[in-house]
Amino acid sequence: MIRTVRSREVYRNPWMSVREDDIEHADGSPGRYGVVDKPDYALVVPRQDGRVHLVEQYRYPVGGRYWEFPQGSWAETRHPGAPLELARTELREETGLRAARMTYLGRLHVAYGYASQGCHVFLAEDLTAGTPQREPTEADMRQRWADPAQWRDLVRSGRITDAATLAAHALLGLHAADPA
């Protein structure tokens, strides 16, 4: 087991903090971890008629536009409602879609080698279209439906690389394989 000897925050903004922990390994040897702490977020898999709904946006840290499932979190300055409330909000804001049925598919760890953040995954069904209510940072967002063949093409071509989106799709496959 690893024991924390000392922890200190080295950076903070409204969406995340970074801490540096001095640790002791099980054998007594010292070490250090840099940890990114971010609140959990919600990811929504909108599905209708055998297709899934995706959004595309520019992701600054990797310098490119990619397709992904609608997802997001609230800054710590906003009331951090339950994951289901957050999932419904993200779906409506990014796509304009509203779901009559939301099914919890599971929780993922995003990058547990250096971050504490988790992702709550929901399946959204019985969808009704509406107008997106995007935040200014999402103004250039695009959206589309993808059937299974289009999904595979987007993954193979490197247009979907988001680990949480790919893992959520795997959870969707497990959900679909479970006997009802």
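Buried means under 20% relative accessible area, exposed means over 50%, and partly exposed is in between (1.4 Å probe, protein chains only). This is a predicted model, where local features need pLDDT of at least 70, side-chain atom pairs count only at pLDDT 80 or more, and totals for chains, interfaces and linings use all residues. Residues are numbered from 1 along each chain as its sequence is written, and side-chain values use heavy atoms, with hydrogens and water left out.

**Exercise 1.** Classify the pair Phe69 and Trp151.

*Solution.* Start with the rule: rings of Phe, Tyr and Trp (its six-membered ring) pair if their centres lie within 6.5 Å; planes under 30 degrees apart count as stacked, over 60 as edge-to-face and the rest as tilted. That rule gives two aromatic pairs here. In this one, the ring centres are 5.5 Å apart and the planes are at 15°, so the pair is stacked.

**Exercise 2.** Classify the pair Tyr104 and Phe122, then say how accessible each residue is.

*Solution.* The centres of these two rings are 5.1 Å apart with planes at 65°, so you call the pair edge-to-face. Next, accessibility: Tyr104 has 41% relative accessibility and counts as partly exposed. Phe122, with a relative accessible area of 5%, is buried.

**Exercise 3.** Which ring does the charged end of Arg159 sit over?

*Solution.* Here you need NZ of Lys or CZ of Arg within 6 Å of the ring centre and within 35 degrees of the ring normal. Arg159 has its charged end over the ring of Tyr66, 5.9 Å from the centre. Arg144 lies over the face of Trp67, 5.6 Å from that ring's centre.
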